[in-house]
2 protein chains.
Amino acid sequence: MAGKVSPLAPARMADLPPIDGVRLAAAEAGIRYKGRKDVLLAVFDEGARVAGVFTRSRCPSAPVEWCRDRLPGGSARALVVNSGNANAFTGRKGRDAVAETARIAAEAVGCSPDEVFLASTGVIGEPLDPAPFGRVLKGLSGDAAADAYEAASLAIMTTDTFPKRATRRIEIGGTPVTINGIAKGAGMIAPDMATMLAFVFTDAAIATKALQQALAEAVGRTFNAITVDGDTSTSDTLMAFATGRAGNAEIRGGDDLAAFGDALEDLLRELAQMVVRDGEGATKFITVDVAGAVSDASAHRIALSIANSPLVKTAIAGEDANWGRVVMAVGKAGEEADRDRLSIAFGDITVATEGERAPSYDEAEMSAYMKGEAIRIGVDLGLGAGKATVWTCDLTHAYVSINADYRS
Amino acid sequence: MAGKVSPLAPARMADLPPIDGVRLAAAEAGIRYKGRKDVLLAVFDEGARVAGVFTRSRCPSAPVEWCRDRLPGGSARALVVNSGNANAFTGRKGRDAVAETARIAAEAVGCSPDEVFLASTGVIGEPLDPAPFGRVLKGLSGDAAADAYEAASLAIMTTDTFPKRATRRIEIGGTPVTINGIAKGAGMIAPDMATMLAFVFTDAAIATKALQQALAEAVGRTFNAITVDGDTSTSDTLMAFATGRAGNAEIRGGDDLAAFGDALEDLLRELAQMVVRDGEGATKFITVDVAGAVSDASAHRIALSIANSPLVKTAIAGEDANWGRVVMAVGKAGEEADRDRLSIAFGDITVATEGERAPSYDEAEMSAYMKGEAIRIGVDLGLGAGKATVWTCDLTHAYVSINADYRS
């Protein structure tokens, strides 16, 4: 939050248009931070559909459990997000705080607590006092407006150095439909903080099952295809809310769902890449493209093994096209690989082919390429048609400083 | 190799006694380094048994493949180890270099090439020229002596800051038996270098099958229970050579094998811990004890998830008992866990119990503990009787410098 903006931040951030049926407002509740907004309330008109995907952590936070349990209801009237405290690893107190916050929000909005969805980000292991929600949610419900996305994207930040917003507009059966998204996240978990959070709002009319399907499919190639440090938060949350106010014929499947899904995936990819671009200490934006694997799933695991390798990440921080470390990371992934069919490129420059250094390899050309801000590692396993792309950032002194020195 | 010795280095290093039937010598072959010995030859009297375990990398080096293929022969007359070049990812040239080196060694020692075992450590992807072996192996064979363990342990170093030696003496059926070991390794792979190597020499009379069994069992709780950066080399090699000259009744199983296995495990643990103590940039020696898991294997995977987490390792570098990050690492391991039964301690100080911060937790007491050089993280999952211990080191600015800045 404080400090200078990541050198990889996008040059400009989208202004999000209003979505019919969605109103937002943010307030200073003083949960942990002083002098900044730390609570977001989103209010949905009756009939809004909801879908979500959550952390795979076996120790999820209390709000994650609350949301998972209420998703089958399929109906959302409110979303409450706070920064400063993740309400994770807080035992019974955590569950009680979630229930009490939902009750307060339901009263403020005029709905059932089971129609309230919650997300929290910040310190782990500190009890979250629900009292500040009691002080602000009623007022926020009154103030909520259709054009408050900037305030919303700022209120959910923790160690992020810039807010993250994206928008898409498509037509479904000739009817314009808008999809907005906001996100936060800088490490998989940031200093003492938990969480990657992302929220999508759309006026599309879409069946709950179709919305969940589109979200689940898109997440695999977007938020589940990024890594900063390989550490998975206890609170990762991606939710989508659809008001149906665009007036399109309800999306249930077929071409309409494909079109909606493509736009959603495109939006989520933009937000996910922003999280990498805000990676703690990052100076390089790295794309890992794996092809020729025995399956897409195998390619994905190999790409993650490369993207999570401290030795690969430090090499790129040092502007060193160290393909030996890429071989190492392919080898340790535990996936099918044949050393003598492997080809590796940095950018368009092939460094190794069929298990040996490429005869054409030119070190001077490579040195120039490695000085760039965007680095692509291309790996071809030469075994099959499986492919996957993962995005990550480099591992720098600043990452260690942020995560080791922040107490001093 | 250069630079100052790790602050975690043992105060003194063992002098290894002679092993009847084993002679060693080291020479400067100029493979990569100048002004230091870089080739080790160990010669075994006829009848020596051999066992080995190797990297799980799917892209193993040429010497690893050579050794694996020859282990079933069960007989060893020579071991050749070089530093400076790992002969990994070198394609057909790599396989040819291995065969040629074995031929040269066999001629020097007077045995079959299939009785020659090889290990290489150093840069990946550079062809290894066998010519230097031709210049030194004949001489080394003549010079080899029973008391050359210090030179042997120095010749196999790459970025190690200290040589690694250990010895044990036990009795088998009233007959004294000696086990010597040497090792190298500082990262799972070091700057541009591949490899953890360890070699064990004993005069015990032991059946090949029993030797392999003892080695395979011990490695799980020793070399497979350490991690520096979670990166697995293409060349990891642990081999044991037994000359049988102690004159004990051949160990085939039962109490004798148990006694031998215990001593071997103890020796390997000492060597493995030395590798962690020489971890790149390490300032803290970390023991991760996991108990209460559903199985030992599950406990081992959870312990590794904690030990490999960049956020846990940077927190300890910053002397911060950040148990929220330990919860995160437990959660991401994908193993059975119940957030509300989890207890976490640093040293003997309980920080969290039953899923919440411990009421007794005293931050001042913890701060004092975290300043120490040896840090123990204790995790109790409260689910079963599974337990495991893993050793690692912290993640510091020096790690990034060693791995990102070394070209400058």
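Two residues are in contact here when heavy atoms of theirs lie within 4.5 Å. By that rule, 68 residues of chain B touch 68 residues of chain A. The model is a predicted one.

**The interface between the chains**

For chain B and chain A, the buried area is about 5400 Å², with 53% of it on carbon and sulfur atoms. On the side of chain B, the residues that lose the most area to chain A are R58(B), F89(B) and R339(B), which together account for 16% of what that side buries.

Which elements of chain B give two or more residues to the side that touches chain A? They are α1 (62-70), α2, α8 (310-317), α9 (323-332), β15 (356-357) and α11 (397-404) of chain B. Of these, α9(B) gives the most, with eight residues. By class, the side of chain B that touches chain A has 25 nonpolar, 21 polar and 22 charged residues.

**Salt bridges**

Side chains of opposite charge can pair when their charged atoms come close. Over all chains the count is 47 salt bridges, and the count between chain B and chain A is eight. One salt bridge between the chains joins D340(A) and R95(B), whose closest N and O atoms are 2.7 Å apart.

Another salt bridge lies within chain A: K164(A) pairs with D278(A), and their closest N and O atoms are 2.6 Å apart. This pair links distant parts of the chain, as the two residues are 114 residues apart. K164(A) is in strand β6 (residues 164-172), while D278(A) is in the loop between α6 (254-277) and β12 (285-293) of chain A.

**Cavities**

Rolling a probe the size of a water molecule over the atoms shows where empty space is left. How many cavities of 30 Å³ or more does the structure hold? It holds two. The table sets out the volume and the lining of each.

| Cavity | Volume | Lining residues by class |
|---|---|---|
| Largest cavity | about 60 Å³ | eight nonpolar, four polar, no charged |
| Second largest cavity | about 50 Å³ | seven nonpolar, four polar, no charged |

The largest cavity is lined by residues of chain A, among them P63(A), N87(A), A97(A), T101(A), L128(A) and F133(A). Three elements of chain A each supply at least two residues of this lining: β4 (78-85), α2 (91-109) and β5 (116-123).

The lining of the second largest cavity comes from chain B and includes P63(B), N87(B), V98(B), T101(B), L128(B) and F133(B). Here β4 (78-85), α2 (91-109) and β5 (116-123) of chain B each supply at least two residues. Which element gives the most to the lining of the second largest cavity? That element is β5(B), with three residues.

Technical notes
Residues are numbered from 1 along each chain as its sequence is written. Chains are lettered from A and ligands numbered from 1 in the order in which they are written. This is a predicted model: local features need pLDDT of at least 70, side-chain atom pairs count only at pLDDT 80 or more; totals for chains, interfaces and linings use all residues. Side-chain values use heavy atoms; hydrogens and water are left out. On a 1 Å grid over the protein atoms alone, a cavity is a set of points where a 1.4 Å probe fits but cannot get out, and a pocket is an open set with protein on both sides within 12 Å along at least five of seven lines; lining residues have an atom within 4 Å of a point. Grid points are joined across faces, edges and corners, and a volume is the space filled by probe spheres set on the points. Helices (H or I, at least four residues) and strands (E, at least two) are DSSP runs, numbered from the N terminus. Ala, Val, Leu, Ile, Met, Phe, Trp, Tyr, Cys and Pro count as nonpolar, Asp, Glu, Lys and Arg as charged, and the others, Gly among them, as polar. Buried area is the accessible area (1.4 Å probe) that two parts lose on being put together, summed over both. A salt bridge is a side-chain nitrogen of Lys or Arg within 4 Å of a carboxyl oxygen of Asp or Glu.
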